[in-house]
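Please look over the sequence and the structure shown here before reading on. The paragraphs after them are meant to be read with both in view.

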Amino acid sequence: MRLGAVVLTMGNRPEELRALLDSVARQDGDPIEVVVVGNGAPLPELAVPGLVVRTVELPENVGIPAGRNVGIEAFKVDGADGYRVDALLFLDDDGLLPGTDTARLCREAFAADPALGIISFRIADPDTGLTQRRHVPRLRASDPMRSSRVTTFLGGANAVRAAVFTQVGGLPDDFFYAHEETDLAWRALDAGWLVDYRADLVLHHPTTAPARHAVYHRMVARNRVWLARRNLPAPLVPVYLGVWLLLTLARRPSLPGLRAWLGGFKEGWATACGPRRPMKWATVWRLTRLGRPPII
């Protein structure tokens, strides 16, 4: 089981990036080839003993999903549809793998279950060890130490089998930020793949608030609409979006945040969402049995 890794960076956390690469180099088993994508930022020399690191510098910030797609493409075999690796790790540039067995456990999980397409890691604060509720990719998120089958995954702390990208394509470029993982997970599930949350696979990452990004409210709302329009059967689109509208209002965001959210919601309806490939009703039932029906 050959593993590669994609790391996306804005170039503003060089020390953390080097620490992450060191933690990848310490992984048990065969060396992991790493592609670091500078998303609109120049990259420093990233020579790490025991690690093959390639770099790609983009002239501008193309967003998280498009940047990660550049990294995925870098692992393609020249002139072919296949990849040089069997699975890819996706890691945040300010994250860290505290254990040396993460790569080995990923290899074993993929080898043991040919239908397993995506593994979502547990994100824990390096100082407190706590996992934020939003980092547990299921509705019943009170126990982050419980592993389970899930219907989405965490963007900067996961492993994806290369065959998933071959079959269903990469992340949606135009999303820029937010919900791109769920879009890929839904397409993978519709194609028959499984998604697992593994509490024993840990990425250390400082506790943060998602709303720290200035575009958070607008992108979350716009991409939620795009996600539904792209992937859900027509009768479920208004139900799903109506539920999220009510949930957003119930959370009582600040007035500027609500205005940005409503603007993004409107934008999601008024702009192109990309190709529409509604999931099968059998997949809707499958998501429901996994505890997250696609109406929430």
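What follows goes from the sheet to the helices, then to the cores and some single residues.

This is a predicted model, in which local features need pLDDT of at least 70 and side-chain atom pairs count only at pLDDT 80 or more, while totals for chains, interfaces and linings use all residues. Residues are numbered from 1 along each chain as its sequence is written, and side-chain values use heavy atoms, with hydrogens and water left out.

Helices (H or I, at least four residues) and strands (E, at least two) are DSSP runs, numbered from the N terminus, and two strands pair if DSSP finds at least two bridges between them. Eight strands form an open sheet with mixed pairing, in the order E3-E2-E1-E4-E7-E5-E8-E6. At its edges stand strand E3 (52-58) and strand E6 (148-149), each with a single partner strand, so one side of each is left without a neighbour in the sheet. In general, strands of a sheet pair through backbone hydrogen bonds, either parallel or antiparallel. Strand E5 (residues 116-124) and strand E8 (residues 194-204) run parallel and are joined by eight bridges; Arg122 has Val202 in E8 as its bridge partner. Helix H3 (residues 102-112) packs on the sheet, where it touches E1, E4, E5, strand E7 (157-161) and E8, and its direction makes about 150° with that of E5; here axes are lines fitted to C-alpha atoms, for helices over the stretch in contact, and angles run from 0 to 180 degrees between N-to-C directions.

E1 and E2 also run parallel, joined by six bridges, and Gly4 has Glu33 in E2 as its bridge partner. How much of E2 is buried? Seven of the seven residues of E2 are buried, so E2 is largely enclosed by the rest of the structure; buried means under 20% relative accessible area, exposed over 50%, and partly exposed in between (1.4 Å probe, protein chains only). Glu33, Val35, Val37 and Asn39 point one way from E2, whereas Val34, Val36 and Gly38 point the other way.

Helix H1 (residues 14-25) has 12 residues and reaches 17 Å from its first C-alpha to its last, close to the 16 Å expected at 1.5 Å a residue, where the expected span is 1.5 Å times one less than the number of residues. Leu17, Leu20, Leu21, Ser23 and Val24 are buried in H1. Seen down the axis of H1, the buried residues fall within an arc of 155°, so they line one face of the helix; the arc is that of the directions from the helix axis to the C-beta atoms. These buried residues pack against strand E1 (3-9), strand E2 (33-39) and strand E4 (87-92), contact meaning heavy atoms within 4.5 Å. Glu15 is also found in H1, but at 66% relative accessibility Glu15 counts as exposed.

Helix H5 (residues 180-190) is mostly covered, with 11 of its 11 residues buried, including Glu181, Trp186 and Arg187. After H5 comes Gly192, whose phi is positive, near 105°.

A nonpolar core is a set of buried Ala, Val, Leu, Ile, Met, Phe, Trp, Tyr and Cys residues joined through side-chain atoms within 4.5 Å. Of the 51 residues in the largest such core, Leu88, Phe165, Leu232 and Tyr240 touch the most other members. Helix H6 (residues 216-231) gives the most to this core, with six residues. A second, separate core of 33 residues includes Leu3, Ile32, Ile119 and Leu194. Leaving aside neighbours within four places in sequence, the contacts of Leu232 include Trp186, Tyr240 and Pro294.

Thr248 lies in helix H7 (residues 236-250) and is buried, with a relative accessible area of 11%. Apart from neighbours within four places in sequence, Thr248 is in contact with Pro253 and Trp261.

Most residues other than glycine have a negative phi, and most peptide bonds are trans. Phe176, in the loop between helix H4 (162-168) and H5, has a positive phi of about 65° although it is not a glycine, and is partly exposed at a relative accessible area of 28%. Arg252, in the loop between H7 and helix H8 (255-270), has a positive phi of about 50° and is exposed, with a relative accessible area of 73%.
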